[in-house]
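Subject: Structure handover

Hello,

Here is the structure we talked about, with its sequence. My notes on what I found follow below it.

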Amino acid sequence: DAQPVFWVGDSSFVLTATAGAVLAFVAARFWPLSGRPLLYADACGLALFTVVGVEKALAYGVGPTVAVMMGVMTGTAGGMMRDIMTGEIPFVFRRQIYLYATACLCGALVFVHLRPWISPSSLRFLAMGVTLSLRLAAIGWKLHLPEFEAREKPASQ
């Protein structure tokens, strides 16, 4: 089904991204931005793109498990590309990043599992709200998953 990529068929996506980039450039030039506002903006994008990924996958008829995974990948991949292009370690790979992919996973699961009972527009906002709330709560209270620590091997004699 070779079709043009969504942004090729609808230029509003490119225009919106361009307007956002120009706005961010102008704002950064005149107002010093600390890390907090950028974390909040990233959390909003994470919530939005998680839902977009799940919804797009379901529209193509994939199963719920694949749709959830596509939502997580869509939510996290944009931030990863941004960080790589700015020469930083992507958020999702940093220690103590405070529920980045986990927030995507929870929002995507909400979307997939509540889809039969909630209208699509309400479901979008609910799933985005879950993702955003988890991410913002994790940022505010420094919540994170426990870190895995491997046991040390006993010394051989």
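K142 is partly exposed, with a relative accessible area of 49%. K142 sits in the segment after α6, and α6 itself covers 120-141. Its backbone deserves a look: the phi of K142 is positive, about 55°, although K142 is not a glycine. Please keep in mind that this is a predicted model.

P146 belongs to the segment after α6 too. Is P146 buried or exposed? P146 is exposed, at a relative accessible area of 76%, because exposed means over 50%. I also checked P146 against V112. The two are 34 residues apart in sequence. In space, their C-alpha atoms are 26 Å apart.

L99 is another residue with a positive phi, near 50°, and L99 is not a glycine either. Where does L99 lie? L99 is in the loop between α4 and α5. Its relative accessibility is 15%, so L99 counts as buried; the limit for that class is under 20%.

Now the helix packing.

Start with α3 (residues 35-59) and α4 (residues 64-85). Their axes come within 7 Å and cross at roughly 140°. That angle makes α3 oblique to α4, because roughly antiparallel would need an angle over 145 degrees. The crossing of α3 past α4 is right-handed. Which residues make the contact? From α3 they are D42, L46, F49, T50, G53, V54, A57 and L58. From α4 they are A67, M70, G71, T74, G75, T76 and R82. By class, the residues of this contact divide into 7 nonpolar, 6 polar and 2 charged.

Next come α4 and α5, the latter being residues 101-114. Here the axes come within 9 Å, and they cross at roughly 140°. α4 and α5 are therefore oblique to each other. α4 passes α5 in a right-handed crossing. On the α4 side, the contact uses P64, A67, V68, V72, G75 and T76. These meet A101, C104, L105, A108, L109 and V112 of α5.

A few α4 residues turn up in both lists. A67, G75 and T76 are named in the contact with α3, and A67, G75 and T76 are named again in the contact with α5.

Last, the cysteines.

The structure holds 0 disulfides. C44 is in none, and the nearest cysteine sulfur, that of C104, is 13 Å away. C44 is partly exposed, with a relative accessible area of 43%. C106 is in no disulfide either. For C106, the nearest cysteine sulfur is again that of C104, 9.4 Å away. C106 is partly exposed, at 28% relative accessible area.

If you open the model, two places are worth a first look. One is the positive phi at L99, in the loop between α4 and α5. The other is the positive phi at K142, in the segment after α6.

Best wishes

Methods:
Residues numbered from 1 in each chain as written. Predicted model: local features only at pLDDT ≥ 70, side-chain atom pairs only at ≥ 80, totals over all residues. Heavy atoms only, no water. Axes fitted to C-alpha atoms, helices over the stretch in contact; angles between N-to-C directions. Helix = DSSP H or I, 4+ residues; strand = E, 2+ residues; numbered from the N terminus. Parallel < 35°, antiparallel > 145°, perpendicular 65-115°, else oblique. Left-handed = near helix turned anticlockwise from the far one by under 90°. Contact = heavy atoms within 4.5 Å. Nonpolar A, V, L, I, M, F, W, Y, C, P; charged D, E, K, R; others polar. Disulfide = S-S within 2.5 Å. Buried < 20%, exposed > 50% of the residue type's maximum accessible area, 1.4 Å probe, protein only.
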